[in-house]
Amino acid sequence: MVDIYNGAFKGKRVLVTGHTGFKGSWLSIWLLELGAEVVGVGLEPLTKKDNYVLSKIGEKIKADIRADIRDAQKMKDIFAKYQPEIVFHLAAQPLVRLSYEIPVETYETNVMGSINIMEASRATDSVKAVVMITTDKCYENREQIWGYRENEPMGGYDPYSSSKGAAEIAINSWRKSFFNPVDYGKKHHVAIASARAGNVVGGGDWAKDRIVPDCIRALEADKPIDIRSPKAIRPWQHVLEPLSGYLLLAAKMLQEPTKYCEGWNFGPRTESITPVWDVATMLTKYYGKGELTDASDPNALHEANLLMLDISKAKFQLGWEPRTNIEQCCQLTAEWYKRYQMENVFNLCVEQINTFVSCKK
């Protein structure tokens, strides 16, 4: 594999929370290919078809730990035992609609869980760089037609979105109070940043109330695909897009620990900001079959119709920008789901990472 991070992760001890989840599993595979020693902390995977399960990541990483990030002491104990140098915090309750059913647990996980990871990092001398992953939904959504910038107000209508906004406020507070760049080398040795991305798609995601898993379940059952919010516009990106940003951000933080301790947006190209219906249409095109039906519900729970990120800061200050367009995104995604039952899934993921890296920016 081509290492576009110039060996930044080779031989490094990297702790990934949420490694059993969709994004965390892909990040763990990429880190393994970059030569990192990966310690994974997460809950049991949701299904037997999750990317984590099929790719058998647990057999390949240094430590495969089942733990809840709400357990503050457990997090400190894990950090103390494994002494990570880099931390990627992805563990979360990630679903908007589910957050209406379990709002308290959503807050406990997304806010206090994030604080527990920062406290564990603060208590562990080996930690050098921490990337806290939140979401594009952390912003106060005004349904505006231009992208949100990193300095705009946090907010959120539903419990999920507001919990992520609250997590961003907590991260900023801990950064100022305990990880202040001004005090680096005097009071601490930790660089901490937050990363915001949303509407990520790709192989191995089977979560409820997400467009791609819903499509694939219908396709595998030879049923029509019910589209709940056909006109909702989302900034779609393949899972490897934001992960490439998280990795670049961490690599930069290791090089210059005081320069990148901020919030960062990782979103798609403007032309990838597309209605749900169009994405489902492209997915069926590359999958080779499928029929869509409009299943709009006027009484559905509130979800934002329009939310976009301005990625200018990441482009000009990190040198990051998306590698794929919406067609390539849907093609990679459909290919994974067409092939996962017949092939070695770990190798399939590595192949797709290589394909992604070879795409021109």
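Let's start with Lys-56, which sits in the loop that runs between helix 2 (51–55) and strand 3 (63–66). Helices and strands here are DSSP runs numbered from the N terminus, where a helix is H or I with at least four residues and a strand is E with at least two. This is a predicted model, so to speak of local features a pLDDT of at least 70 is needed, side-chain atom pairs count only at pLDDT 80 or more, and totals for chains, interfaces and linings use all residues. Residues are numbered from 1 along each chain as its sequence is written, and side-chain values use heavy atoms, with hydrogens and water left out.

Lys-56 counts as partly exposed because its relative accessibility is 47%; buried means under 20% relative accessible area, exposed means over 50%, and partly exposed is in between (1.4 Å probe, protein chains only).

Gln-83 also deserves a look: its phi is positive, about 50°, although it is not a glycine. You'll find Gln-83 in the loop between helix 3 (72–82) and strand 4 (86–89). With 36% relative accessibility, Gln-83 counts as partly exposed.

Helix 6 covers residues 159–177, which makes 19 residues. From first C-alpha to last it reaches 26 Å, close to the 27 Å expected at 1.5 Å a residue; that expected span is 1.5 Å times one less than the number of residues. At the start of helix 6, a side-chain oxygen of Asp-158 comes to within 3.1 Å of the backbone nitrogen of Tyr-160.

Ser-162 is found in helix 6 too. Is Ser-162 buried or exposed? It counts as buried, because its relative accessible area is 16%. Leaving aside residues up to four places away in sequence, Ser-162 touches Tyr-107, Gly-155 and Gly-156, where contact means heavy atoms within 4.5 Å.

Ala-251 belongs to helix 8 (residues 240–255), and its 8% relative accessibility is why it counts as buried. Not counting residues up to four places away in sequence, Ala-251 touches Ala-8 and Phe-9. Ala-251 and Ala-129 are 122 residues apart in sequence, yet 8.7 Å apart in space, C-alpha to C-alpha.

Now try Val-350, in helix 12 (residues 345–358). Val-350 is buried as well, given its 13% relative accessibility. Its contacts, again without residues up to four places away in sequence, are Met-1, Ile-29 and Glu-33. Val-350 and Pro-235 are 115 residues apart in sequence and 25 Å apart in space, C-alpha to C-alpha.

## One cavity

How many cavities of 30 Å³ or more are there? The count comes to one. A cavity is a set of points, on a 1 Å grid over the protein atoms alone, where a 1.4 Å probe fits but cannot get out, and lining residues have an atom within 4 Å of a point. The largest cavity has a volume of about 30 Å³.

Strand 10 (237–238) and helix 11 (326–339) are the elements that give two or more residues to its lining. The residues lining the largest cavity include Trp-236, His-238, Glu-241, Asn-325 and Cys-329. By class, the lining has five nonpolar, five polar and one charged residues. Here Ala, Val, Leu, Ile, Met, Phe, Trp, Tyr, Cys and Pro count as nonpolar, Asp, Glu, Lys and Arg as charged, and the others, Gly among them, as polar.

Note on methods. Polar contact = N/O pair within 3.5 Å; in protein donor to acceptor, adjacent residues only side chain to side chain. 1 Å grid on protein atoms, 1.4 Å probe; cavity = no way out; pocket = protein on both sides within 12 Å on 5 of 7 lines; lining within 4 Å. Points joined across faces, edges and corners; volume = space filled by probe spheres on them.
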